[in-house]
Amino acid sequence: DIPALVSELTCGAGGAASVYEDLCMTLRGGGYSAADVVCEGGGVEAALAVLTRNSRNQAAHHSEPATATRRLAAEALWLMIYDHDSSQRLIQAGGHGAAIHLLRDGASQDAGLSGGVLRVLGETLYSEARNAEIWSTADLSVI
């Protein structure tokens, strides 16, 4: 049940690895229609929050459960963002800046997390406007 899964993501349980495992399986099996429902329900914002939350909390940043959840959140973002509209949700949530910051400061110790974040960026950066702030202010050298 996709709406129930989205509800779990956005109502506090969204930090649990099992929720993101379920989400990734659902997105792989449900295709574009599942991705649309998850995006419309706030899945992009919930996954982005999990991806960036632990980078601010250094003690939790290196714990294995937190790292596994962050890897799964990156995978979920990659699976749910497949077109310009879903890319815009990530952009509007400040996702590119957060992802670049994570790569530069937090993901360098975890190849799986770095790879997941780079996959998301590889699929979505093309949707940034030519005059977007990210092109002039972000440290793009990490990419």
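# Helix packing in an all-helix chain

Mentor: Let's start with burial: 45% of the 143 residues in the protein chain are buried, meaning under 20% relative accessible area, with exposed being over 50% and partly exposed in between (1.4 Å probe, protein chains only). This is a predicted model, where local features need pLDDT of at least 70, side-chain atom pairs count only at pLDDT 80 or more, and totals for chains, interfaces and linings use all residues. Residues are numbered from 1 along each chain as its sequence is written, and side-chain values use heavy atoms, leaving out hydrogens and water.

Trainee: How many helices and strands does the protein chain have?

Mentor: Helices (H or I, at least four residues) and strands (E, at least two) are DSSP runs, numbered from the N terminus. Along the sequence the pattern reads α-α-α-α-α-α-α-α-α. The count is nine helices and zero strands.

Trainee: Of the contacts between residues at least 6 apart in sequence, what percentage join residues at least 24 apart?

Mentor: A contact here is heavy atoms within 4.5 Å. Among the contacts in the protein chain between residues at least 6 apart, the share joining residues at least 24 apart is 68%.

Trainee: Is H1 parallel or oblique to H2?

Mentor: Helix H1 (residues 2-10) and helix H2 (residues 17-40) have axes 10 Å apart and pack at about 125 degrees. Axes are lines fitted to C-alpha atoms, for helices over the stretch in contact, and angles run from 0 to 180 degrees between N-to-C directions. Under 35 degrees counts as roughly parallel, over 145 as roughly antiparallel, 65 to 115 as roughly perpendicular and the rest as oblique. That angle makes H1, relative to H2, oblique.

Trainee: Which residues in H2 meet H3?

Mentor: The axes of H2 and H3 come within 12 Å and cross at roughly 145 degrees. On the H3 side, the contact uses Gly43, Val44, Glu45, Ala46, Ala47 and Val50. On the H2 side, the residues are Tyr20, Val38 and Cys39.

Trainee: Which residues of H3 are buried?

Mentor: Eight of the eleven residues of helix H3 (residues 43-53) are buried, so the rest of the structure largely encloses it. They are Gly43, Val44, Ala46, Ala47, Leu48, Val50, Leu51 and Thr52.

Trainee: How many disulfides does a search of the whole structure find?

Mentor: A disulfide is a pair of cysteine sulfur atoms within 2.5 Å. Cysteine 24 is buried at a relative accessible area of 1%, and cysteine 39 counts as buried at 3%. For disulfides, the search comes back with zero.

Trainee: How are the residues of the contact of H7 with H8 divided?

Mentor: Helix H7 (residues 95-105) and H8 have axes that come within 10 Å and cross at roughly 145 degrees. His96, Ala99, Ile100, Leu102 and Leu103 in H7 meet Ser114, Val117, Leu118, Leu121 and Thr124 in H8. The division is seven nonpolar, three polar and no charged.

Trainee: What separates the C-alpha atoms of glycine 116 and alanine 74?

Mentor: Glycine 116 sits in helix H8 (residues 111-124) and is buried, with a relative accessible area of 11%. Alanine 74 is 42 residues away from glycine 116 along the chain, yet their C-alpha atoms are separated by 5.2 Å.

Conventions: Ala, Val, Leu, Ile, Met, Phe, Trp, Tyr, Cys and Pro count as nonpolar, Asp, Glu, Lys and Arg as charged, and the others, Gly among them, as polar.
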